[in-house]
Amino acid sequence: MFLYRIVISLFALYVLGQTIWQRDWSTFWARLGRGTTSKRPTIWIHGASNGELTSAKPVIMALKEKRTDLDVIVTSNSKTGVALVKGWGVQADLAPLDLAWIARSMIRRRNVRAHITLEKEIWPNRILGVQGPTIVLGGAMSEKTAGLWTKIPGLAPRVFPQIAAISAQSKQALRRYETLGIAPDAILPIMDLKSLYTPPTIAPDNALRVAFTRGSTWLAASTHKGEEETILRAHRIALEHEPSLRLILAPRHPKRGDQVADIIDQAGFDFARRSLGEDPDAPVYLADTLGDMPLWYQLAGRVFIGGTLTDRGGHTPYEPASFNCALIYGPDMRNFETAADNLKAAGVLPCLDAADIAQALNDLSAQEKQTHAADRTRKALQQDINFGALIEHINDLLPSPTHCE
């Protein structure tokens, strides 16, 4: 625990130094746990960013509706995550740093009686400080991360036995949690939180609908540095078989827009940029804006999952599957081990390079093949989750109304 205190203190100094340098005082105070306050008993729900929070929205809204005797505060590591949750009519703030005194301040100021944390977000001082249950939903634990926990003496034995309930993302993740000290009676059924994703009702504008025909459009979703070059090579190869094919290229981080634009230009393609408001009627459309991924899923019948060609572990297959997209992905899907296993079992195999991706695109050029592949993918990713039972189990762990007075 001593080593963790040193590491988290150095991290806190860096984060606070950045906010002071930027004169971002609202972020500074939020990181110190000095955000909103409440005298009412509160459930504190935490997710890293938009993806985790969007997936958890059904849980958040169900608990907010069911437990009117409790406030709900959601924290996120990103400002876009905070804005997203506030748009649902739920209180939200930037997450405090995990120093013991800051965690205690947040818990005291918000009268926190229970803590729900999502996927990879295991913060020791929050778990040890809450005088109530900590619940982990869709817990993700890689082999590398589990190894790091064991390298900090005394940390895992203090933290993991304190978790009251956990639904791990995969069987592999569950085994790692068990090794780290999760109590047997805390284990809930396997659940990938992102499988709860519900598509939002956001319709593409007329210009986008006219520019893109779904059957002849593919999307490279949430790409990272080192992937765009492969995507563009695949596009050029696929064009030989399907000359009308259009590409929407959506980098994971829109701030890379200028860099990706240079890569597209060097590859010799004419393109338009979403961030500049340019006419989308170009061979390649650079979708370098935040929060628009649902639009691109609606416009593309075929979707390549970014983060699977480099050492990133891949991004969610559940979101594009929910939009009835045929999926294409690379070899690195370790962030979604169960989903990857199910896709392979259904015959949806990873692509190793540009030629493989081009072949997968061409194999799916016919509309009926895209529809069939999308149906097969959706069935492969379907999880048998009793949502009502999950909410009831969480509710049973929360303090009763008489204890919240």
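**Setting values against cut-offs**

Q: What makes F2, L3, I6, V7, L10 and L13 a nonpolar surface patch?
A: Together these residues make a patch of about 610 Å². Patch members have over 30% relative accessible area and no salt bridge, with nonpolar side chains (Val, Leu, Ile, Met, Phe, Trp, Tyr) joined within 5 Å and like charges within 9 Å. Areas come from the Shrake-Rupley method with a 1.4 Å probe, and for residues only the protein chains shown count as cover.

Q: What kind of model is this, and what limits apply?
A: It is a predicted model, in which local features need pLDDT of at least 70, side-chain atom pairs count only at pLDDT 80 or more, and totals for chains, interfaces and linings use all residues. Residues are numbered from 1 along each chain as its sequence is written, and side-chain values use heavy atoms, leaving out hydrogens and water.

Q: Why is I6 called partly exposed?
A: Its relative accessible area is 38%. Buried means under 20%, exposed means over 50%, and partly exposed is what lies in between (1.4 Å probe, protein chains only), so I6 at 38% is partly exposed. I6 sits in helix α1 (residues 2-21); helices here are DSSP runs of H or I with at least four residues, strands are E runs of at least two, and numbering starts at the N terminus.

Q: How do you know that D292 and R274 form a salt bridge?
A: The term asks for a side-chain nitrogen of Lys or Arg within 4 Å of a carboxyl oxygen of Asp or Glu. Here the N to O distance is 3.3 Å, so the pair qualifies. D292 lies in the loop between β10 (284-286) and α13 (293-299), and R274 in the loop between β9 (271-273) and β10, so the bridge ties together parts 18 residues apart in sequence.

Q: What makes R334 and D332 a salt bridge?
A: Their closest N and O atoms are 2.4 Å apart, so the pair passes the salt-bridge test. D332 is buried at 13%, and R334 is partly exposed at 40%.

Q: Where do R378 and D375 lie?
A: Both are in helix α17 (residues 367-381), three residues apart, or about one turn of the helix. R378 at 33% and D375 at 29% are both partly exposed. A search of the whole structure finds 16 salt bridges, and R40, D71 and R110 are linked in a network of them.
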